[in-house]
There are 2 protein chains.
Amino acid sequence: MFVLGIDPGLSRTGYGVIEASGSVMRPVAAGAINTEPGMAVGDRLVELHRDLTELVVEYQPAEAAIEAVFVNKNLQTATTVGRASGIAYLVLAAAGVPVAEYSPTAVKMAVAGYGNADKNQVQRLVAMRLGLPEAPKPADAADALAIAMCHVQSRTLKAVGR
Amino acid sequence: MFVLGIDPGLSRTGYGVIEASGSVMRPVAAGAINTEPGMAVGDRLVELHRDLTELVVEYQPAEAAIEAVFVNKNLQTATTVGRASGIAYLVLAAAGVPVAEYSPTAVKMAVAGYGNADKNQVQRLVAMRLGLPEAPKPADAADALAIAMCHVQSRTLKAVGR
């Protein structure tokens, strides 16, 4: 089963695809969708919509996970990230892919075992646990893999009745 | 020329269409798109996307105006409204309709002449200035007309060189 993790943003949306069999995870793809800051907001969202749609068509994820955006951000950021995450929700719902949402703390807990792990620790652990020689670049791609890993662990924990 | 005003929200997005010839305005349509709070976020955004697309196809607006969302809202609201406004931007950009954004204060200034007008005053003035017997219901529809009126006035002021 493929799980798609998404770290939404208007300038850059990270994505990561993991293949999960039970609690065993294998990295499939990771990267980022960038849009030009000089372009109109709507045109940037059209690009994001197109590129996310292509990702979903290519990898056919069974489930998706997205980072919740309302924590520790200012209003302008919440609005901008909200727009990008709205496009992600639209694309996934239109393709019939169920979406789970996790807070940044939950993602850190899942990957590092504690919610206060710093960004570098999380990225090193993502690489280590997925058997990658180093953390994927850019950071948003590694974050998206972490979100997908968080979802796989959460599913597994549910499956074993915790 | 038709101008589409949008007051974005996940539960309810108000819309209003005005026909403008210079500074002369005529109301064409006003209403709201509601989505069920019990549905998944993505499915609600799919409905909003579909209904907004139908509106744009039906009225073929030459320009659109949307209310800026980052003022006087909390983070959760900014995120939710951001998602809805992201869908609106997507639909309009995909249809090639230019979008202008106005703050709530700018909208009140344009319709009532001062930025501290209360909601009821704005709605009465919308009705009066568009020659309607009463303010359109729900309030979000009247707000959307006010946003469209703000845009028409702003265009007219620019055209006369102010």
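User: Leaving aside its neighbours within four places in sequence, which residues is A:L52 in contact with?

Analyst: In this predicted model, and with those sequence neighbours set aside, A:L52 is in contact with A:I6, A:I33, A:A88 and A:V91.

User: And which residues have the most contacts inside the largest nonpolar core?

Analyst: Those are A:L4, A:L52, B:L4 and B:L52, and the core that holds them has 46 residues. As a general background, nonpolar side chains tend to be buried together in soluble globular proteins.

User: How many residues are in contact between them?

Analyst: On chain A there are 24 residues in contact with 24 residues of chain B, and the area buried between the two chains is about 2,000 Å², with carbon and sulfur atoms giving 72% of that area. Because 100% of the interface residues of chain A are also interface residues in chain B, the copies meet through the same surface.

User: How many salt bridges are there between chain A and chain B?

Analyst: The count is two salt bridges between chain A and chain B, and one of the residue pairs that form a salt bridge is B:E101 with A:R83, whose closest N and O atoms are 3.4 Å apart.

User: Which helix gives the most to the side of chain A that touches chain B?

Analyst: That is α2(A), which gives 13 residues, while α1 (41-59) and α2 (75-94) of chain A each supply at least two residues of that side.

Technical notes: Residues numbered from 1 in each chain as written. Chains lettered and ligands numbered in written order. Predicted model: local features only at pLDDT ≥ 70, side-chain atom pairs only at ≥ 80, totals over all residues. Heavy atoms only, no water. Core = buried A, V, L, I, M, F, W, Y, C linked by side-chain atoms within 4.5 Å. Buried < 20%, exposed > 50% of the residue type's maximum accessible area, 1.4 Å probe, protein only. Contact = heavy atoms within 4.5 Å. Buried area = accessible area lost by both parts, 1.4 Å probe. Salt bridge = Lys/Arg side-chain N within 4 Å of Asp/Glu carboxyl O. Helix = DSSP H or I, 4+ residues; strand = E, 2+ residues; numbered from the N terminus.
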